[in-house]
Amino acid sequence: LILAECGTLSLVYALAGGRKAHGRALRSAGFYALLFLPAYTAQAHFDSLPVFLMLLGLWLALSGRWALAGLATGLGVMTKLLPALVLPVGLRRLAPDLLRSWRPLLTAPAFRYALAFLIAVLLIATPFLYRNPRLLLAPLDIQRLRPPWQTVWALLDGYYGFGVAPGDVRDLTVLERPAWEGRVPYGALNLALVALYAWLYLKRADWPSRKTAVAFTGLSLVLLFEFSKGWSPQYLLWLLPLLAVLWPGWRGAAYALSLTAVNYLESHGFFILLPEARWLLVFTTVARAVLLALLAGTLVLEYLDLQERHRRWWRGLAMAPAALTLVALPLLTGPLLHAYTESRYRVEPARPAVEALAAEAAPGAAVYFLQPPDLERFYPHLHRSMRLRTLDERAPDGDLVRHLEEQLVAGDPAEIWLVQPVDGDFPLAEAAHAALDGLTYPLGESVVGPYRLSRWLPRWTLRQDGLPVVFSESIALLGRRAEASGDSLAVTLAWQAVAPLSAPLSAFVHLAPEGSPPAAQDDGPPAWPWPEGEIVADRRAFSTLGLPPGAYRLTVGLYHPDTGDRLTLSDGSDHLDLATVEIGRDGTVTLR
């Protein structure tokens with residue numbers, strides 16, 4: 001295939017004028033050599049070979065070497081059918097004024113052209129015809145079974161996949177499967193293509209000119225691709241040599257690069273990176289259809305030599321692909337980055353832990369990691385709402401626990417989280433826990449995916465005036481914190497069991513008008529089992545939405561869930577007043 005590409009490069013030079021127009025021909029060859037797609041396609045698809053044979057057949061026909069032209073075209077057709085589009089071009093070269101006289105088609109050159117073509121076709125086809133004619137026609141027959149792909153017709157039929165044959169054509173039983181049935185009338189579409197092609201083909205044009213033959217070959221391919229049931233990325237390889245021959249400058253570059261960009265965006269952006277972003281396939285498919293339509297219009301003006309007569313149209317069609325690309329690509333950057341981020345997040349191993357932190361951590365919480373790679377996984381998703389850091393284990397004075405304490409208190413966080421991988425031994429984790437034990441109350445620990453998340457409540461964030469108080473000589477309240485935000489109220493309590501418990505206890509947090517039953521509350525056990533001496537951080541939250549404006553008392557207490565009996569304080573009361581809450585007419589909450 002690399003040899004075929006070398007041949008294509010030589011033929012681009014020859015079709016652009018060769019040694020007779022060396023400067024322009026060399027420019028065309030250089031233009032083609034610098035394109036990305038040919039080298040890429042040669043590594044994955046075999047289209048380089050039939051493209052070379054198509055161009056060879058076209059060049060030989062333009063050179064008047066009819067027998068060799070027929071032979072090359074026949075070889076191309078038996079490799080892939082598209083080189084058959086050169087045959088009508090050769091016939092018009094033989095009979096430029098076909099509408100007035102078709103007699104040149106009965107001359108010796110035309111006979112040699114047709115005979116050489118038939119010989120090439122039959123030499124390859126005969127073994128198949130002898131073995132089983134259906135083997136020869138199977139690649140054509142299977143097209144009726146295939147769904148459309150990567151075209152506007154595929155979008156209309158609701159198919160968003162790529163072009164995969166429904167089976168191996170060497171197994172003829174595949175052909176017994178039912179044909180694809182869609183909303184698009186492909187028979188009518190094919191008739192429209194034939195009618196449009198015939199109308200353009202029979203138009204008066206300067207057929208002795210090389211430019212006319214090259215332009216009409218390109219126009220034939222573009223029309224076929226526009227009306228075709230499917231499109232594959234390698235199809236663009238058929239157009240690029242002709243663009244290099246016709247317009248080895250900014251005009252050809254605008255079409256070549258914009259079509260290549262759409263191709264790459266579709267084949268790699270959608271099918272590999274973002275297969276769920278169907279909007280991207282819709283964009284690339286419609287954009288390619290528009291670009292091909294513009295290219296068809298430009299080729300019609302070139303084929304019929306109407307550039308001077310329709311100069312304004314010519315400039316507009318030439319500028320359009322460059323303008324569309326310059327406008328579309330910047331506009332796509334944001335949606336593409338967002339779609340890529342979402343797609344990577346869906347397969348991110350840390351996703352469960354990220355979502356757990358997002359749901360449970362308080363805004364502005366400090367989250368510490370033991371190693372930088374873990375921080376990198378969490379950072380893109382949480383850095384706007386939390387302070388994410390990696391713990392530094394290089395203690396200058398050798399006292400690692402003290403060194404970690406200095407890091408943990410930095411910034412005065414209202415809440416601290418420690419994230420560590422479940423698998424692996426991390427000595428730094430032991431030192432971090434030792435530092436946290438001296439500074440905080442534990443709020444609990446959970447394993448989420450491959451990470452262990454431990455939550456800690458800094459002691460300095462709790463009010464301790466009037467505390468500790470002991471309920472029924474068993475549970476002590478060490479500290480409390482109340483926070484109001486909009487129409488919500490959050491209360492954090494630090495409890496300690498000072499005596500063994502034989503049954504679970506429930507805590508209540510009530511919001512009640514003076515002398516009235518609670519208007520809002522949050523009840524539940526702080527912990528169970530609850531060993532003696534263990535400190536538990538208990539966080540409660542409830543909404544004040546819908547409560548009448550006025551003053552409310554925020555109270556806390558403990559009770560036995562089986563009997564409802566409350567535990568009492570040393571003064572005989574069964575609750576502790578934490579704060580006075582004012583609810584305004586606009587629903588906002590103020591603590592006093």
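**Labels and their grounds**

Mentor: Asp168 has a relative accessibility of 38%, and so counts as partly exposed. Keep in mind that this is a predicted model.

Trainee: Why is Asp168 called partly exposed?

Mentor: Buried means under 20% and exposed means over 50%. The 38% of Asp168 falls in between, so the label is partly exposed.

Trainee: What makes Arg170 and Asp168 a salt bridge?

Mentor: Their side chains meet at 2.8 Å, N to O. The limit is 4 Å between a side-chain nitrogen of Lys or Arg and a carboxyl oxygen of Asp or Glu, so the pair qualifies.

Trainee: How many salt bridges does the structure hold?

Mentor: The structure holds 25 salt bridges. One of them joins the side chains of Glu302 and Lys211 at 3.3 Å, N to O. Glu302 is in helix α14 and Lys211 in helix α11, 91 residues apart, and the pair links distant parts of the chain.

Trainee: Why is Glu302 called buried?

Mentor: The relative accessible area of Glu302 is 5%. Buried means under 20%, so the label holds. Lys211, with 30%, is partly exposed.

Trainee: What does the salt bridge between Asp577 and Arg553 tie together?

Mentor: The two side chains meet at 3.2 Å, N to O.

Trainee: In which sheet do β12 and β13 take part?

Mentor: They belong to an open sheet of five strands, in the order β10-β9-β12-β13-β14, with antiparallel pairing.

Trainee: Why are β10 and β14 said to stand at the edges?

Mentor: Each has a single partner strand, so one side of β10 (520-524) and one side of β14 (589-591) have no neighbour in the sheet. From one strand to the next, the twist averages 25 degrees.

Trainee: How do you know that β13 and β14 are paired?

Mentor: Pairing needs at least two bridges, and three join β13 (residues 576-583) to β14, so the two strands count as paired. Glu582 stands opposite Thr590 in β14.

Trainee: How many cavities are there, and what lines the largest cavity?

Mentor: The count is two cavities of 30 Å³ or more. The largest cavity has a volume of about 80 Å³. Its lining includes Gln150, Trp153, Phe225 and Arg288, and its largest share, four residues, comes from α14. By class, this lining has six nonpolar, three polar and two charged residues.

Trainee: What makes one residue in the lining of the second largest cavity polar?

Mentor: That lining is made up of Gly218, Leu239, Leu242, Leu243, Leu246, Leu295 and Leu299. Leu counts as nonpolar and Gly as polar, so the classes come to six nonpolar, one polar and no charged. The largest share of this lining, three residues, comes from α12.

Technical notes
Residues are numbered from 1 along each chain as its sequence is written. This is a predicted model: local features need pLDDT of at least 70, side-chain atom pairs count only at pLDDT 80 or more; totals for chains, interfaces and linings use all residues. Side-chain values use heavy atoms; hydrogens and water are left out. Axes are lines fitted to C-alpha atoms, for helices over the stretch in contact, and angles run from 0 to 180 degrees between N-to-C directions. On a 1 Å grid over the protein atoms alone, a cavity is a set of points where a 1.4 Å probe fits but cannot get out, and a pocket is an open set with protein on both sides within 12 Å along at least five of seven lines; lining residues have an atom within 4 Å of a point. Grid points are joined across faces, edges and corners, and a volume is the space filled by probe spheres set on the points. Buried means under 20% relative accessible area, exposed over 50%, partly exposed in between (1.4 Å probe, protein chains only).
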